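Subject: Structure handover

Hello,

Here is the structure you asked about, with the sequence alongside. My notes on what turned up in it follow below.

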Amino acid sequence: MTSEQHLAPLRMPDRLFAELAAGGGSAAAVAFLERAERARRLLLLRTLLGHLDDLSTPLTPVPEAWRVLKEAAEKSPEPVERLLLAPATGGWISHMLRRVHGTASGPPLWAEAGHLSALALSAALHAGTEAALDVPLTGGRLHLPGLGMVQLPEVAGDLTVGRATTAGGELTVTGPGRTTGSVAVTCRPLTPRADTGTWLPLRTLTHPRPGGGAPLSVVLEDLDPYRDLDDHLPPARLDEDEAREWQRLFGEAVRILARPGPPGPGRVDPGMIRAIVPFGRTSVSPPALPFVQVSASSGDSFGGMLIVRPASALALAETLVHELQHSKLAALLHLFPLLEDDRAERYYAPWRTDPRHLTGLLHGAYAFTGVAGFWRDRLAGAEGETAERAAYFFALRRLQSRLAVRTLLASGRLTLPGRALVSGLARTLDGWLREPVPSAALARARTAAALHRTEWRLRNVDPAAEQPSDGPLFRPDRTPWPDDRTQAFAIRPAAPRTADEHLAAGDAAAALTAYADRLARDPAEPHALAGWIVARAALEPGRTARRMLARPERLQPLPRG
């Protein structure tokens with residue numbers, strides 16, 4: 001791979017676009033997206049190198065580091081290609097382009113540009129070529145993308161310049177010592193070994209493929225400084241117990257996803273995942289929640305995802321589907337102008353507590369269509385609480401996704417390919433909305449959806465302002481709020497005690513009384529007020545109820561019972 005190679009024009013066949021527009025995508029469709037992302041990555045890299053060619057640096061100049069990398073690529077193209085197309089490398093390239101344009105910050109620019117030398121060293125090790133490069137050491141650390149991290153002991157200073165050499169698969173890193181002239185570490189990064197203190201190998205998650213062949217391998221990235229969505233990060237090494245727990249959950253999640261059948265929304269090949277970044281915890285204590293608290297992905301890092309580890313393999317499998325949907329849509333957005341977005345955050349997204357811009361709403365609609373398909377697949381053959389939970393989330397996510405799709409179609413801001421994509425989602429969801437779901441789960445899903453929208457408007461929308469045609473005006477004092485009900489309504493409470501539990505159990509009258517008691521103490525409390533409105537609408541359906549649900553923030557006077 002070189003930055004100068006010719007990139008042929010990409011033209012997506014209509015049938016592949018149609019598959020992706022339905023919310024799914026065959027192996028051929030995903031492979032096309034990956035080729036497109038490769039082309040984009042190379043174009044961005046070429047642009048970045050042009051900005052860095054004349055950078056003043058105490059390290060090896062960028063053109064020389066690039067020469068070393070190209071030499072390795074000519075000898076061993078496949079491993080070097082994997083290095084340059086890794087999610088974290090995409091994060092570094094895009095972060096650096098933001099740096100040179102003044103829209104991002106970080107360590108000194110020369111130090112961040114030195115990451116190219118680290119890439120070149122990894123490439124040289126894979127290819128068995130010789131290299132000698134001056135590299136940045138952060139706290140005595142040198143990260144080698146795709147391999148691991150060297151930690152020099154007793155290095156003077158937080159950011160210093162070291163020397164790294166490769167020969168015959170061996171790496172030697174030398175840096176300024178704190179008490180002596182210099183310190184050095186020699187290792188063989190391609191030789192599998194456990195942590196040694198001075199060498200921390202890259203971790204991977206593995207699982208046998210159903211049809212045999214080489215096992216599935218996904219990077220568990222806890223070292224790369226560009227594993228986050230933007231900011232330069234220090235390593236956050238998982239302890240051995242936490243790493244084992246990730247392996248256990250990943251293996252179970254892959255088995256959950258390995259459901260036979262044609263490709264469609266919610267059915268993904270885990271082989272599409274390039275890296276998982278564990279976020280927010282490095283040990284098994286305290287115990288993880290059963291569901292994923294936070295997950296995220298970036299269009300700059302195709303196939304990568306950041307996840308707070310849950311305690312449940314089912315929750316991890318759902319999140320893998322969710323984040324892979326984001327990767328697919330991000331790749332489509334790189335190929336097609338799907339919408340004209342002024343980035344104004346004024347749209348209701350049924351899975352968020354804050355207003356969203358149109359691109360964010362499109363991402364959510366695409367991701368949660370995949371999630372709805374995931375839960376639809378779980379319904380087949382499920383029993384007991386598993387079936388109850390699957391029915392609830394299928395009913396909830398198809399309803400919420402269809403609402404977002406309706407907003408997108410009515411926005412007047414979709415391009416022709418954008419309208420084709422969103423119309424494909426609409427056809428998928430409309431078909432699913434006709435599929436039967438157990439009545440109790442369907443009722444809880446509809447109630448949870450109504451509660452979320454009602455509380456969102458109470459907390460976000462200015463009740464004193466007239467609503468303009470392009471969306472509501474928002475409260476200046478709005479703050480983030482916890483969406484507790486989406487998970488809580490998944491299972492019908494056996495012995496309801498709280499107002500929410502009575503409503504989840506289908507007893508709107510008991511819920512109304514309990515909400516009224518809370519509102520007597522605090523008449524404007526949004527959580528209780530949202531519950532009161534939804535419970536009242538369930539007991540007294542009609543025009544008044546519809547008005548309350550449509551504009552709950554305008555409810556005057558506040559209810560007393």
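Helices here are DSSP runs of H or I with at least four residues, numbered from the N terminus. By that rule, Ala 18 belongs to helix α1, which covers residues 14–21. Please keep in mind throughout that this is a predicted model.

Ala 18 is partly exposed, its relative accessible area being 45%. Gly 424 is 406 residues away from Ala 18 along the chain, yet the C-alpha atoms of the two are separated by 7.2 Å.

Overall fold

The protein contains 18 helices and 12 strands. Its radius of gyration is 26 Å, close to the 24 Å that the globule rule gives for 561 residues, so the protein is as compact as a globular protein of that length. The C-alpha trace spans about 80 × 55 × 50 Å along the principal axes. Of the contacts between residues at least 6 apart in sequence, 66% join residues at least 24 apart.

Inside and surface

How many of the 561 residues count as buried, as a percentage? The figure is 52%. The largest nonpolar core has 98 residues, and the members that touch the most others are Ile 276, Leu 320, Tyr 392, Leu 421, Leu 503 and Trp 532. There is also a second, separate core of 46 residues, with Met 96, Leu 97, Leu 133 and Val 173 among them.

The loop between α9 and α10

Two residues of this loop are worth a look. Trp 351 sits in the loop between α9 (313–335) and α10 (358–379). Is Trp 351 buried or exposed? Its relative accessibility is 15%, and the cut-off for buried is under 20%, so Trp 351 counts as buried. Leaving aside neighbours within four places in sequence, Trp 351 is in contact with Leu 361, Gly 364, Ala 365, Phe 368, Arg 397, Gln 400, Ser 401, Ala 404 and His 452.

Arg 343 is partly exposed, at a relative accessible area of 47%. Its phi is near 65°, a positive value in a residue other than glycine.

Backbone points to check by eye

Most residues other than glycine have a negative phi, and most peptide bonds are trans. Besides Arg 343, with its positive phi, two further places can be listed here.

- Glu 154 has a positive phi of about 55° and is not a glycine. It lies in the loop between β3 (148–151) and β4 (159–167), and is partly exposed with a relative accessible area of 44%.
- The peptide bond from Ser 285 to Pro 286 is cis, with omega near 0°. Pro 286 is in the loop between β10 (275–278) and β11 (295–296).

Two arginines

Arg 67 is part of helix α3, residues 62–75. At 38% relative accessibility, Arg 67 counts as partly exposed. Ala 120 is 53 residues from Arg 67 in sequence and 8.5 Å from it in space, C-alpha to C-alpha.

Arg 188 is in the loop between β6 (182–187) and β7 (199–201). With a relative accessibility of 35%, Arg 188 also counts as partly exposed. Which residues does Arg 188 contact, leaving aside its neighbours within four places in sequence? They are Gly 168, Gly 169, Glu 170 and Arg 193. Thr 319 is 131 residues from Arg 188 in sequence, and their C-alpha atoms are 36 Å apart.

Regards

Technical notes
Residues are numbered from 1 along each chain as its sequence is written. This is a predicted model: local features need pLDDT of at least 70, side-chain atom pairs count only at pLDDT 80 or more; totals for chains, interfaces and linings use all residues. Side-chain values use heavy atoms; hydrogens and water are left out. A nonpolar core is a set of buried Ala, Val, Leu, Ile, Met, Phe, Trp, Tyr and Cys residues joined through side-chain atoms within 4.5 Å. Buried means under 20% relative accessible area, exposed over 50%, partly exposed in between (1.4 Å probe, protein chains only). The radius of gyration is taken over C-alpha atoms; the globule rule is 2.2 Å times the number of residues to the power 0.38. Contact means heavy atoms within 4.5 Å.
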